[in-house]
Amino acid sequence: MPITTTSAAVHIAPVVIKTFFEHGKRKAKEIKEGRAGQDAKDDIFYDEAFHIVKAFIQLGTENTVESLQAFTNTHVPAPPWAAVSPVLIPLSSCNRAADILIEWFSPHDLKHVVGGERWWQVRGLDGLDGEWMTEKDYLSSSTEHKEHGRIKLSNDDCNILRMNHLETVMLYVHGGGYFWGSINTHRYQIIRYARKFKGRAFAVNYRKAPQYPWPCPIQDILAAYFYLIEPPRGALHKAVSPSKIVMAGDSAGGGLCLTVLTILRDLGLPMPAGAVLISPWVDLTHSFPSVMDNSDTDIIPQYGFLAKPSALWPLYPLPKDSGHVISTRSNVPLKPGHADTLKPTPGRIHDVDNTDDDVISGERVQAQKQMLSESLKEDASSAEGKGSKTEVKEYVLDYDINFWEPKPPKVLMEGSIELRAQIQLYATNEQLGHPLVSPILQGSLGNLPPLYILAGNDEVLRDEIIYLAHRAAHPSEYPLRHGVMQDGHRQKENAERFTNPTKVHLQVFDGMCHVLTVFTFTKSAKRAYRSIAEFVKHVSLRDTEHLEHVPERHRSPSDTHTEDLNEPQHRPFSEKRQQFFHFLNTKKPSQDPIDVSLYKRNGANAANEVKHDEVNFVPVSHLANEGNSDDPIRNATNDISNLSMIRERVDIRGITRHMEPPKEIKALQIRPEKVGIIKEGPIRRWFEGQQKWDTRFEHAAKRAIKRRTKIEASASVMLDNARVQGLLVGGPPPLRQSSLPEHKTHGIQDDRRWGPLDLDDERPPPSAIAKRRDTTEALALLKKTIYHTAPVTHKTVPNMRMSDTICAALNPRDNPNKPPQQSVSEQQVRARLIPVHGLRLWDSIIRYFGKETLKKQKAKEDTSS
């Protein structure tokens, strides 16, 4: 049964009941032992919400990838108090982003690492879905926007014009493991941000894996950014200055934000004012300890993001050959956990041509330790002949990456086993160590705009987030391993070019799980929302001098933005709007004063942290380069400038304290050569889960294989029929910049560069539907680019045969007169039958928990007074 509101309710209801009774038992025991109130889950509402979210994500792993994508990408109406205006980012902006990515990659990387420069530009829609959002109270009252030129505008379009006076823009990138989630899952959170910083937000519904794997999402985020700062013809918004844009994202969205920032930095393009990274996923190799240590305290499934087999995913519904993980069958001199490189050497090509697929003929398969020992001896011997002892040490720490290159996909683990299945939906095993896939492996994270980074202490990504923050603030203290520095034409250059510390504010929240901002009713989340809002206002509205300060360390607490923080609990509404909310029996979210008091209370710690040397300052050498050599501690009770890093922990009541020294943090003691290495623990746990899924869904896997064969045959028939009807492909290669600013809605589109039939000489990842012919979504993409919106490489757009038209009319997912529904990883689903979607129900639950939490807080205050 696919994921629906009903199936989700049936799955979650027992969890709610079980949590209620277990919470009562645990709470009674804690009260008896005098430990009550020390754990975030002592709050029944957080305890219930935590287990609801965990149960839903677990439900997602028990269904197909497409089912989870469809549910979380179903269009949900905006709340009545918000102004939400959907837009379509045109193909011209997407092409601008593609040109930037092509410039960033070397031709060699494009061919051997990415798989080409065309396939990731192929998309089903005629652009990219985006949304402008703000509070209706913030819209200008002007009535001059009914028409734009000679075109009469809709209310949504008028609202875009009425937002133009709001200078600050948050470009929000939603999370979801790089393969699920959408604007619809995050809309309420994004609107809350816009309300807090009194501005507007722009969200983008980027393409997701596995249908559109790396680097498709990166292109889409770049397209959204340049859509804001370089509005294309026909856009209603004014150009937004980069200094007024703050990027923000959670989980996968946080990782994408950081990746885009490094691309802009590397190419010398305008960067935004700052970025908010909420539980960013920046290491897809899972090389940090908390991935194993915190699996029981986080919402992420125990075995990772598995899925019920379908024609789309996994790539091998049934285990290939001997299984997903097999005993080592070749003498490949790789360290445990290193993935194969995609860049072949002449010797490697010779070996591939002269050996069978797995075993090196005539050789005994050595043990893992023996392979490593011989590899390191030869590397060290080679290094001795080249240079100093220092060079020998570097090679001992990290093998010579040019010595040997095994065939993909292969990852060797401790105990002499090989991984033969793709472990992440976003990228292949060979790509996981690329700096644009796992930005923790960037040559440098210096010279970036100010970063506000949040993490939950109980989440599986905690360690990589802490490491990320310190790498950005202290580029020279946390170097990369030697092999990563050599791999990639920009890595070594970036390490040498970008040495200035990035200003970082890191906060780790006690007792909180992954993406704590989902639980908006908790004090921790209220604290986070207020701090994020103040960070956004600080970096986007302050002058250059004030940007040297961190928001909470800007002035004494008694003088901290009182005009912004001391807001009434409820803003006045017009009589008409009050009647409307009364009719819906809903309340507009209040401007809760709790977050204000927490923010002001925590600001009082500023002088104490400086006094006790609990903050990090920009080194004097860098200040001299910037023309500022003032003593940073001078006037610390007022303006505290030149801070490179603020490191804090936040308790379950939202109160901050300084973080322990780096030498006491486990994540910061990891040696560089261990970062970005696929380790045995996570792989064995994934394999354990995959074996269970293989057994449980064996029949579904067999059906998926048959389904692929049937769809592939249909694709072949479609292509044959199209050629009979006059399909001609093979026009001149498109210009980098589109020849015309406008695109056609039907026929050959001037801005659509490539289609699925232009990829004969490219090797996209196996899951990419751009070159697949064995899934319904790949078939829909192929049909649209043949009969409806063809790329410029097509010379003709044929008419459909009568038999194909009749089949389309009988297919509920097709329409003979319109393009077929595109992939649910790209196009939003429109609900037809059920008026109340599960995403709206979740928001109602969160608002109810928030309301009850406020009641409890008020009752406590009344009792204490």
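Strand β7, helix α9 (residues 252-266) and strand β8 form a right-handed β-α-β unit. Right-handed here means that, with the strands pointing away from the viewer, the path from the first strand over the helix to the second runs clockwise. Helices (H or I, at least four residues) and strands (E, at least two) are DSSP runs, numbered from the N terminus.

The model is predicted: local features need pLDDT of at least 70, side-chain atom pairs count only at pLDDT 80 or more, and totals for chains, interfaces and linings use all residues. Residues are numbered from 1 along each chain as its sequence is written, and side-chain values use heavy atoms, with hydrogens and water left out.

Buried means under 20% relative accessible area, exposed over 50%, and partly exposed in between (1.4 Å probe, protein chains only). I245, M247 and G249 point one way from β7, while V246, A248 and D250 point the other way; all are buried.

Two strands pair if DSSP finds at least two bridges between them.

| Partner of β7 | Residues | Sense | Bridges |
|---|---|---|---|
| β5 | residues 169-173 | parallel | 5 bridges |
| β8 | residues 274-278 | parallel | 5 bridges |

On the β8 side, M247 stands opposite A275.

**H470**

H470 lies in helix α14 (residues 462-473). H470 counts as buried because its relative accessibility is 1%. Leaving aside neighbours within four places in sequence, H470 is in contact with Y478, L506, M645, R647, P662 and L668. Contact means heavy atoms within 4.5 Å.

**Cavities**

The structure holds 7 cavities of 30 Å³ or more. A cavity is a set of points, on a 1 Å grid over the protein atoms alone, where a 1.4 Å probe fits but cannot get out; lining residues have an atom within 4 Å of a point. The largest cavity has a volume of about 160 Å³, a volume being the space filled by probe spheres set on the points. Its lining has 15 residues, and W313, P314, Q422, W686 and Q690 lie nearest the centre of the cavity. By class, the lining of the largest cavity has 11 nonpolar, 4 polar and no charged residues.

**The chain as a whole**

The chain has 27 helices and 18 strands. Of its 865 residues, 59% count as buried. Among contacts between residues at least 6 apart in sequence, 82% join residues at least 24 apart.

Key: On a 1 Å grid over the protein atoms alone, a cavity is a set of points where a 1.4 Å probe fits but cannot get out, and a pocket is an open set with protein on both sides within 12 Å along at least five of seven lines; lining residues have an atom within 4 Å of a point. Ala, Val, Leu, Ile, Met, Phe, Trp, Tyr, Cys and Pro count as nonpolar, Asp, Glu, Lys and Arg as charged, and the others, Gly among them, as polar.
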